[in-house]
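Subject: Structure for your study

Dear colleague,

Please find below the structure that I would like to hand over to you. My notes on it follow.

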Amino acid sequence: MKAHTLSHLDVLEAESIHIMREVAAEFERPVLLFSGGKDSICMLRIAEKAFRPAKFPFPLMHIDTGHNFPELIEFRDKRAAELGEKLIVRTVEDALAKGIARQTPGETSRNRLQTPTLLAAIEEFKFDCALGGARRDEEKARAKERVFSFRDAFGQWDPKNQRPELWNLYNGRINPGEHMRVFPLSNWTELDIWEYIDRERLEIPNIYFSHDREVIRRDNQWLPVSDLLPKRPNEASHVLKVRVRTIGDISCTGCVESPAVTVADIINEIAAARVTERGSRADDKRSETAMEDRKREGYF
Amino acid sequence: MENTELLRFTTAGSVDDGKSTLIGRLLYDTKLIMEDQLESLQRSSDITGDGQINLANLTDGLRAEREQGITIDVAYRYFATPKRKFIVADTPGHVQYTRNMVTGASTANLAIILVDARQGVIQQTRRHAYIASLLRIPHLVLCINKMDLVAYSEDIFNRIREDFSSFAAGLAIRDITFIPVSALNGDNIVEKSDAMPWYYGPPLLRHLEDVYIGNDRNLRDARFPVQYVIRPYKDEYHDFRGFAGQIAGGVFRKGDKVTILPSGKTSTITQIHTHDGELDEAFAPQSVTLQLADDIDISRGDMIVKPDNVPYTANEFEAMVCWMHDEPMRKGMKYGIKLGTKSARCMPADILHRVNIDTLEPDVGATSLGLNEIGRIKFKTTVPMVFDPYNRNRATGGFIVVDEATNLTLGAGMILEPKRAIPNTDDAEFVI
C-alpha cells in the first residue's frame, strides 16, 4: 500500500487553497491585496492552484504608499499582466489630496496612511472581503487573529471580541457595510514562504537578493538612502551588500547585510537568523503594541 | 526541510500552571526566540517587576494581557526542529477556558495538559482531559510541572500518574504520556534532566518530534465536500466543470464510481485536476478539483462519496455542543448551522442533558445551555445534512452554530453516532 503522506508545505498549501475557495464561495465582492512582496506572490500562486483553469473570482488591489522601491512596482505590474488578472491601484497620494488620509506632523512613513486609503477603496468598490498575505508568526498581535477576521462598519478590529474559529469551519457571515479580512497564509512562517518560493520556482523582485545599495545607520538599522530619506548633514552613508527581508514604505524598511544571491542562500540565512523579520521594520518598534494599535484602526 | 511533517498541539492548564512559561521555554531552548524578541522582553520585564525575563510575555501579545498578566485568547505559535514543524494553540486557563480550549483543541493532534506537582490532579485537570477527549485529540501528554518545588520526587510523580490514569480510563484518548518537568528551569523540556534520573522516558520536545501521527487522519472513508464549482467559460475549456474541494477523508482515484449526496445520483471520476497536473489518486487533506463523467446538478454543500461507504443523511441528529456565547442556547430557537461546506438552519429540538463541568456528570432537565457549558442536544435541520459521527471523522462530524441576526459564532457541535445498536465503548462520550 502506498503511504499517503504529505509534507508540511503540502498541508499548508491545501489549507490555504481551501480558505481561498471559501472566500470565493461565500462572498459577493472579494478582492486580493497584492503588493508585489514575497507573501502576496505566494498568495497569487495559491489562487492559481485554487481556481485555474478559470480566472480568479476577484481582482487584485495594491494600496500604493508612493514610497516604493521602484523595482517592486515594476514587478507588481508585470506579474498581474502575466496572470491576465485585473489590478486596481489606489494611492496614499490621492487619499491625502482628497483629505481621506491625513499626515500627522513629523510623520515620514506612510504605512499608517495605508489604512484610510484601504478603507476608502473597500467602500468605493463595495468589497465585502479583502484577502491578505499576513502571517501569525510575524507579530504578537497577529498571533491572536482569526483566519476570517471580522471588521465592523468602521473597518475596526476588536481583538477581545473575535468569533471563535474551529476546525476548518470559517464563519463568513457579515451585514451590509461590514467586511471580512481573510488571511490564507495565517499558519505559514517566514521560512515556509521561502521554501514554497523555492519549491514553486516563483519569481521575486530582485531587491530580496543581495545588491549594492547606499544606506545610512539609524536606530540600529540600515535604511536605504532615497529622495524620501535624504542624509542628514552629520550622517555618513555607506554602500553595502544588502537585501530586504520584508518590504514596506521605503523610508522605514531596514536592509540587512547579506551575500544571499539565490533563494537557497536566503533559506539558509533565515534558518540561521537571530532576528525576526519585523525586527527590520521601524514602524513596529515604536511600542510593544504598535501593530495591535494599527490593526485596531483597520490596518492589514 | 521540505519534507518535514506538521504537528499541531494545544496546551491547557489552570492559572499559574506555567503554560506560557512552558511554550516560552520550548521556543527559548530550541533557539527560536530571536534577538529582537528577547530585547523586547527585556524592555517589558519592568512590568513584572522582578527583573527576570518573563517568558510568558512572549506569547501574551495584547496590551490588556500584558497589563493584567493573563492570556485572553487563543494564540498561535510556530516553531520547528529538523524533524518537525509545530503549530501551537496556546489557550488561557481561566475565564472562557472551555470556549478557548475547545477552539484550540479542534485542530490539534496532541494536547499538553499541565499539572502542578504540588497540587496533583485537580478538577481543572479533569475538565481539560474531558475536553481533549470530547474533541477527539488522539494524543495527550500530561506534563507534571514544577517538579523542582517537590524536590524532584519520583513518588509524587507516580502518585499523580496513577491518579490520572484511573480517571482517564473512562475517556476516549488513545495515547497518554506522562512527563515530569520544570518549565521554569528547563528540566525535561528539551534536554533530559539530571535532576530526575529515575525518569526513563524522553523529554517533552523529543516526544513531540517522535509521536506517531500517521493514522490521525481518516483514510478509510472517502469524503469530498463540494466547496466551489469551477467553470472557466473559455473556448479551450468549453466542457470543463470542476468540483473543487478539500478531501475530508479517504482516497479518491481516477475511474472511481461515486455517489453524490444528498441526491443519491451516481457518476464516475474522469479527472482529478490540480494546477500541477492530473493525479491518479488524491487523499485527505489534499485540495483538488474533480471532474465527473455525467452532467448532473451538483453544488456547494453536496458531498461526493463512494457507493459502498456512505455517510448518514438526515435532518435530525444528536450532538455534544459547547456553547460559546453570553446569550444561552434555548430549546426551540432557530440558528444557522455550518457543517463542512453546507450551511442551513437548525433548531435545538431537545436538550437531553447538560454536563456538570465540575463533576462531569450529566444534568438532566436543563432547558438552556449557557456560556462555556457543554450538553447533549438533539437537533433538527431545515434540509437534510450529510455527516459522519464526529468520532469517525472530525471534518464531516463537526459543526458550528451561528446567530442569524448578529452573525456571531455561538457554539460548536460534535455529532454522535445515530441509533446505536450495540454500545460502542471506543466512541462513548465520557458522560453516559
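Two strands are said to pair if DSSP finds at least two bridges between them. Helices (H or I, at least four residues) and strands (E, at least two) are DSSP runs, numbered from the N terminus. This is a predicted model, in which local features need pLDDT of at least 70 and side-chain atom pairs count only at pLDDT 80 or more, while totals for chains, interfaces and linings use all residues. Residues are numbered from 1 along each chain as its sequence is written, chains are lettered from A and ligands numbered from 1 in the order in which they are written, and side-chain values use heavy atoms, with hydrogens and water left out.

I begin with chain B, which contains 8 helices and 24 strands. Of its 432 residues, 60% are buried (under 20% relative accessible area, with exposed meaning over 50% and partly exposed in between; 1.4 Å probe, protein chains only).

Strand E1 of chain B, residues 5–12, has 7 of its 8 residues buried. E1(B) runs parallel to strand E3 (residues 84–90) of chain B, and 7 bridges join them. Within this pairing, B:Leu7 has B:Phe86 in E3(B) as its bridge partner. E1(B) also pairs in the parallel sense with strand E4 (residues 110–116) of chain B, over 4 bridges; here B:Ala12 is partnered by B:Ile113.

Chain B also holds an open sheet of 7 strands with antiparallel pairing, in the order E7-E15-E11-E12-E14-E9-E8. Strands E7 (223–225) and E8 (228–230) of chain B each have a single partner strand, so one side of each lacks a neighbour in the sheet. Within the sheet, E11 (residues 257–261) and E12 (residues 265–273) of chain B pair in the antiparallel sense over 4 bridges, and B:Thr259 stands opposite B:Thr266 in E12(B).

Finally, I turn to chain A. The axes of helix H1 (residues 8–26) and helix H6 (residues 190–199) of chain A come within 11 Å and cross at roughly 95 degrees. Axes are lines fitted to C-alpha atoms, for helices over the stretch in contact (heavy atoms within 4.5 Å), and angles run from 0 to 180 degrees between N-to-C directions. H1(A) and H6(A) are therefore roughly perpendicular (65 to 115 degrees; under 35 counts as roughly parallel, over 145 as roughly antiparallel and the rest as oblique). Residues making this contact include A:Leu9 and A:Leu12 of H1(A) and A:Tyr196 of H6(A).

Yours sincerely,
A colleague
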